[in-house]
Amino acid sequence: MRYALISDIHANLPALDAVLADIDARGDVDAIVHAGDLVGYSTFPNEVVRRLAERGIAGVAGNYDSTVATGYKHCGCRSETPRQEELAHISYEYTLRTTNGASKRALAALPFSLDLKPMGGHLAGPRLVLVHGTPTLNTVYWTADRDDAFCRKMAALVGLGSGDVIAFGHTHKPWHRIVDGIHFINTGSVGRPKDGDWRAGYVRLELGAGDPRVEFVRVEYDIAATIAGIRAAGLPEDFVTFLQTGGKPA
Ligand SMILES: [Fe+2]
């Protein structure tokens, strides 16, 4: 089975559409699944929720999705400076206000995790487990510098074995590691990368009888359209700079 794994779209419809166009053009993907954070920061939350529904793309609840769906006091994002915290609140307040009832109900219905059997549930074979952060909480950052012991502990929580895959997002920085034959894939971010590359990111995963094959893809998108939306909404210019620099403002 060939999957496209997408995550952290964050209301960036032009980025999502560019990724979907790239997947469609290749013509070899059997299923697209998402690892959450559909909304926040950019200005197309309802359009992104609708697009995923139109395309029948299943996925899990990111911290942004579950906090907006439950009307929580904060997006559950970690801020490293007072300015970041201020921006987080501006984005969250905007998203709570502009995400409509139908979208909030769709976000509320997202499961915490997905468990897929690419060869079919009628056969033994590898599993693909999808979460946003970790199998414990969607707010925990599973960064590339987490040690093997952490990866083993998380894999054990969902009963993974050699040849299985767990995919997640949340950090907006893609990475892939194999521990005890288990593949750990951080898919990066479609709509708000933080690795210094502004282009939308996603993962192609081939999973079945052989070894899992993982490929990271980056796609240029109409960033001017996303920026126009941010400026028209009167959101801070910081959000524009963030997108332009791939999360590395000067
Ligand atoms: Fe995110």
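These legends describe close-up views of a predicted model.

**View 1**
Helix α1 covers residues 13-26. Its 14 residues should span 20 Å at 1.5 Å a residue, and the end C-alpha atoms are 20 Å apart, which agrees. The buried residues of the helix are L13, P14, A15, L16, D17, A18, V19, L20 and I23. Strands β1 (2-6), β2 (31-34), β9 and β10 are among the elements that cover them, as are helices α2 and α7. D24 also sits in α1. This residue has 12 C-beta neighbours inside 10 Å, so D24 counts as exposed. After the helix comes G27, with a positive phi near 70 degrees.

**View 1. The largest nonpolar core.**
The largest nonpolar core holds 61 residues. Within this core, L5, V19, V48 and A167 touch the most other members. Helix α1 supplies the largest share, seven residues. Which residues does A167 touch, leaving aside those up to four places away in sequence? They are L5, A35, L128, L130, I185 and T187.

Strand β6 spans residues 165-168. Both of its faces are covered. V165 and A167 are buried on one side, I166 and F168 on the other. Strand β5 (residues 128-130) runs parallel to β6, joined by three bridges. Here L128 has V165 as its bridge partner. Strand β8 (residues 182-186) also runs parallel to β6, joined by four bridges. F168 stands opposite N186 of β8.

H170 lies in the loop between β6 (165-168) and β7 (175-179). H172 lies in the loop between β6 and β7 too. H170 is not a glycine, yet its phi is positive, about 75 degrees. H172 is not a glycine either, and its phi is positive at about 70 degrees. Are these histidines buried or exposed? H170 has 30 C-beta neighbours inside 10 Å, so it counts as buried. H172 is buried as well, with 23 other C-beta atoms within 10 Å.

**View 2. The open five-stranded sheet.**
Five strands form an open sheet in the order β3-β2-β1-β9-β10. The pairing is mixed. Strands β3 (58-59) and β10 (213-219) are the edges, and each pairs on one side only. Strand β9 (residues 200-206) and β10 run antiparallel, joined by seven bridges. Strands of a sheet pair through backbone hydrogen bonds, whether parallel or antiparallel.

Helix α4 (residues 82-98) has 17 residues. From first C-alpha to last it reaches 24 Å, close to the 24 Å expected at 1.5 Å a residue. S91, Y92, Y94 and T95 are its buried residues. These residues cover an arc of only 165 degrees around the axis, so they lie on the same side of α4. They pack against α2 (45-54) and α3 (63-70). On the other side of α4, P82, E93 and R97 are exposed. How far apart are R97 and D24, in sequence and in space? The two are 73 residues apart in sequence and 33 Å apart in space, C-alpha to C-alpha.

**View 3. Helix α8 and its buried face.**
Helix α8 covers residues 237-245. F239, F242 and L243 are buried in this helix. G246 follows α8, and its phi is positive, near 60 degrees.

Note on methods
Residues numbered from 1 in each chain as written. Predicted model: local features only at pLDDT ≥ 70, side-chain atom pairs only at ≥ 80, totals over all residues. Core = buried A, V, L, I, M, F, W, Y, C linked by C-beta atoms within 7 Å. Buried ≥ 20, exposed ≤ 12 C-beta atoms within 10 Å, placed from the backbone. Helix = DSSP H or I, 4+ residues; strand = E, 2+ residues; numbered from the N terminus. Contact = placed C-beta atoms within 7 Å. Pairing = 2+ DSSP bridges. Expected span 1.5 Å × (residues − 1). Arc of directions from axis to C-beta.
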